[in-house]
Amino acid sequence: MSLSERLHPGINLAGTDPESHEAAEEVLFGFWIFLMSDLVLFAVLFATYAAMSVQGIAEGPRPAEVFDLTAAFLETLLLLFSSFAFGFAMLEMKYRENRRGVLGWLLVTGLLGAGFVGMELHDYYVMVTAHGATPQTSGFLSAYYLLTGTHALHVSSGLVWMAVMAVQVVVFGLSPAVKLRLMRLALFWHMLDVVWIGIFTFVYLYGVVS
Amino acid sequence: MNWELIFGQIKWTSFVFAGMIENPSLSEAIASGAGSIAVLGALGTVVLLTVKGWWVPLWRDWLTSVDHKKVGIMYIVLALVMFARAVIEAALMRAQQLAATDGGGFLSADHFGQLFSTHGTIMIFFVAMPFITGLMNYVMPLQIGARDVSFPLLNAISLMLTMAGAVLIMVSLVVGQFSTGGWSAYPPFTGIEFSPGEGVDYWIWAVSLGSIGSTLTGLNFAVTIYKKRCPGMSLFRMPLFTWTTLCTSILMIFAMAPLTAATIMLALDRYAGFHFFTNGDGGNMMNYANLFWLFGHPEVYILILPAFGVWSEVVATYSSKRIYGYTSLVYATMCIAVLSFAVWLHHFFTMGQSANVNAIFGIATMIIGVPTGVKVYDWLLTMVGGRIRLTTAMLFHINFLLTFILGGMTGVLLANPGIDFQVHNTLFLVAHFHNMIIPGVLFGMFAAVQFWFPKAFGFRLHEGLGRASFWCFAPGFLLAFFPLYWLGMMGATRRTFTWSNPDYLPWFALAMLGAALILAGFAFMVMQIVVSVRRRAELAAPLGDPWDGRALEWSIPSPPPAWNFAVLPQVTARDAFYEAKKDGTAYRSPAAYEDIEVPRNTATAPLIGLFACAWAFGLVWHIWWLVIVSFVLIWAVVIARSFATHTEEIVPAATVKAANEAFLAAVRATPGVTRDQEMTAANRGRAIPESLEASAGALAAGAAVEVTR
Ligand code: HEM
Ligand SMILES: [Cu+2]
């Protein structure tokens with residue numbers, strides 16, 4: 001058993017030579033570290049939100065007055081299903097090396113992701129027009145828009161990345177380099193799920209309850 | 001024609017020279033002078049490059065290079081250039097305070113405010129950070145027996161982002177004003193209400209660029225150390241400098257994010273009317289203080305840990321002894337790294353939390369003194385019974401031990417909230433942190449230059465001039481900063497451009513003298529480099545090991561080839577190279593050579609840096625078209641790069657073999673030198689360890705070494 005097999009039995013790179021596996025280790029590990037530093041950023045934003053959503057209300061509305069749980073729940077579903085679809089794309093890549101399959105599932109992922117961003121923008125629109133809840137209204141809303149906005153920006157850049165990867169799958173096929181990039185994109189996408197679960201629970205559910 | 005669409009908020013009065021024309025004064029003249037120097041410096045560089053025909057080599061061999069050694073050297077050059085500016089600013093502030101009884105002096109309050117803000121910001125983000133980053137870049141991969149860092153292109157991108165930030169600060173000398181909010185830029189003062197105009201925006205974007213660059217560096221180095229160590233290099237066989245690099249990298253990964261978050265929030269407040277830190281509407285500036293120091297305190301350890309690593313290497317090598325208490329040094333480093341996240345509140349004891357909270361953070365702060373004390377004892381004990389040579393680097397080390405302890409003591413004093421209430425925001429504090437940063441970090445970096453320069457360039461630095469610079473720097477530091485402890489206790493506040501207490505005068509005079517000595521030390525250092533370059537033939541040490549070094553970097557030629565190691569070394573002990581020399585197994589030929597893959601040069605990184613700089617400039621001046629265009633261009637470059645396929649090139653085994661065998665033959669044929677001859681022309685870089693003087697003659701080639709992969 002090679003070193004890399006012992007360390008990462010589940011790496012989605014089946015069908016390539018041991019050298020690619022070994023090279024993959026460094027690249028993927030590096031990306032995990034990147035995700036960690038990104039998570040530190042989110043942690044800081046969460047902490048800011050935690051403080052501002054209590055002390056930063058000023059004259060503005062409270063969380064419970066502006067959040068729409070139904071919309072947030074639908075957004076959650078969209079994002080989780082998009083991750084699910086990405087999982088299928090990775091399975092297609094690993095077991096079938098099937099370009100079309102990968103592209104098809106990427107398309108589904110992308111559409112669901114775009115739906116998520118679209119719904120979130122609509123949320124913002126409703127908040128601003130129906131409640132006058134702009135980011136300039138209060139510290140709480142500033143923190144809310146920054147936290148969810150940063151997440152939405154991440155999702156949007158994930159979408160751009162996905163589009164680039166779709167082109168690369170067509171141009172280069174499922175070469176080791178392309179596979180590695182898809183694997184990193186997948187990690188990125190799942191990480192955004194995790195962050196969103198945090199947002200949904202802490203910002204929306206908790207916000208409406210308290 | 002709406003000029004604002006094109007030039008944003010830049011007007012002709014934004015240029016520094018306009019101030020001189022509109023309301024001439026000495027303060028304005030100095031500002032214009034500084035602006036002129038920046039412009040002339042840039043022009044002079046352009047002319048020099050053109051006349052000498054250096055544009056092509058600069059682009060081909062340096063800016064587009066992704067070789068960790070060249071990236072490292074570029075970082076350090078950047079640090080030295082920025083140091084020149086920031087140290088002159090320091091001297092100007094000293095002169096102003098000397099001249100400033102009762103509103104006297106030659107600088108306006110505003111100009112003085114810009115000076116301490118740029119000085120602090122530059123010294124931390126564009127001198128100390130690039131200095132340690134450059135050094136880690138150069139040395140760490142060599143110490144772990146690697147051919148490069150894990151992500152060479154990312155490494156070059158980090159460099160270029162840092163450079164973009166530095167260029168932005170230089171531009172602020174000429175176009176517009178800089179912030180007057182200090183290096184910590186506390187709102188609400190730095191909010192749009194109290195600081196309209198571009199100054200704070202320069203600070204925000206320069207610092208953000210540097211911060212992103214450092215995050216990427218930390219990530220890169222941590223992965224490199226985890227994944228790229230050569231066979232046999234277990235964690236506890238790593239040289240101490242590599243250990244401190246690892247801890248610093250981890251700190252960078254965790255600590256830079258709060259800074260980025262804080263600068264972004266401040267930017268949103270200023271540009272888009274958000275209410276993170278404003279007075280009223282739910283804003284809360286304490287959140288800024290927390291975020292900033294959540295970064296800021298680990299930051300000081302980001303800076304000092306690599307310097308601790310340098311001190312460990314320097315003291316062991318120039319004492320010809322194995323470092324005392326290796327394991328304790330590793331654990332102490334780790335403890336410091338972890339604790340550094342638990343003390344940030346000591347930067348604002350006076351800002352309203354309860355006495356109990358202050359007490360907890362005060363105690364946590366004092367506890368950091370314990371692992372640091374362990375280190376000091378280890379360094380002292382390393383010297384006991386060693387074969388000590390008082391080289392420039394070693395002089396800096398001894399000076400460090402003496403003065404750093406004093407600075408540490410004043411730190412423990414300040415960690416006591418009761419005392420901090422008395423002296424916070426005074427020159428006592430300024431004295432304390434310079435007392436840590438200058439003998440610790442800055443002189444640590446200077447010692448590192450003395451130590452590793454021959455590795456990077458193949459010749460030693462002139463020792464006499466090095467000592468001359470030390471004998472200016474060390475007393476200069478004492479004179480410049482110890483009076484500030486007294487001034488602080490007498491009540492002199494920091495960041496103050498004028499004062500009226502006649503008792504201050506003698507102390508300010510002493511401090512000015514110290515600053516002058518420091519300038520002289522810097523002049524000697526520059527002279528040392530120039531003279532050494534001129535005399536490089538007689539100072540040459542191409543065989544790679546002028547100081548009887550201990551870690552792997554000394555086992556290869558100076559300067560090292562692009563691929564660093566002809567074959568990856570196999571390590572069986574700490575101080576691997578030193579042990580090999582003692583066993584007589586150093587300088588053996590490998591049994592076989594293989595092709596080596598090295599990354600090709602690419603324009604990706606410099607283009608990203610260029611566009612990032614333009615993007616930030618556009619943001620500062622609200623030139624929205626530039627912001628959009630350069631943002632798109634940055635990502636276009638990234639995407640285009642992801643389609644490039646031939647990013648590596650192969651160095652054939654034959655080339656590697658020819659180079660390496662020539663080097664080994666030269667080493668074997670050259671008589672080794674003992675420590676007595678270290679500073680003589682006889683030192684070509686083949687060292688004979690202590691007690692092995694008998695083997696100074698030519699070496700036999702010995703059996704070839706089997707290569708494992
Ligand atoms: C080499 C000689 C140096 C001299 C003579 C010097 C002098 C000064 C002076 C006069 C001030 C202003 C004090 C005040 O607030 O009244 C200052 C502030 C400061 N210096 Fe230095 N300095 C030197 C080196 C450094 C270095 C190497 C660093 C860091 C790497 C550094 C970091 C700072 C910082 C962070 C501030 C605070 C700026 C602020 O108030 O926001 N200095 N220094
Ligand atoms: Cu601190």
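Which residue forms a salt bridge with B:Glu89? In this predicted model, the partner is B:Arg85, with the closest N and O atoms 3.0 Å apart. A salt bridge here is a side-chain nitrogen of Lys or Arg within 4 Å of a carboxyl oxygen of Asp or Glu. B:Glu89 and B:Arg85 sit four residues apart in helix α5 (residues 68-99) of chain B, so about one helical turn separates them. An α-helix has 3.6 residues a turn, so residues three or four places apart point the same way. B:Glu89 counts as buried at 6% relative accessibility. B:Arg85 is also buried, at 11%. Buried means under 20% relative accessible area, exposed over 50%, and partly exposed in between (1.4 Å probe, protein chains only). Helices (H or I, at least four residues) and strands (E, at least two) are DSSP runs, numbered from the N terminus.

The model is predicted: local features need pLDDT of at least 70, side-chain atom pairs count only at pLDDT 80 or more, and totals for chains, interfaces and linings use all residues. Residues are numbered from 1 along each chain as its sequence is written, chains are lettered from A and ligands numbered from 1 in the order in which they are written, and side-chain values use heavy atoms, without hydrogens or water.

Over all chains, the structure holds 16 salt bridges. One of them crosses between chains, from B:Lys228 to A:Glu26. Their closest N and O atoms are 3.3 Å apart. B:Lys228 lies in the loop between α8 (199-227) and α9 (240-272) of chain B, and A:Glu26 in helix α2 (residues 18-55) of chain A. B:Lys228 is partly exposed, at 26% relative accessibility. A:Glu26 is buried, at 15%.

B:Arg600 and B:Glu649 also meet in a salt bridge, at 4.0 Å from N to O. This pair links distant parts of the chain, 49 residues apart. B:Arg600 is in the loop between β1 (596-599) and α20 (604-621), while B:Glu649 is in strand β2 (residues 648-651). B:Arg600 is partly exposed, at 36% relative accessibility. B:Glu649 is partly exposed as well, at 36%. Elsewhere, salt bridges with shared partners join B:Arg389, B:Arg675 and B:Glu678 into one network.

For chain B, an unreviewed UniProt entry lists residues 62-572 as "domain: Cytochrome oxidase subunit I profile". UniProt positions follow the numbering used here, feature names are shortened, and annotations may be inferred rather than shown by experiment. The span is 69% helix and 0% strand, and its end C-alpha atoms lie 35 Å apart. In helix α19 (residues 576-583) of chain B, the buried residues include B:Phe577 and B:Tyr578. B:Gly584 follows α19(B), with a positive phi near 75 degrees.
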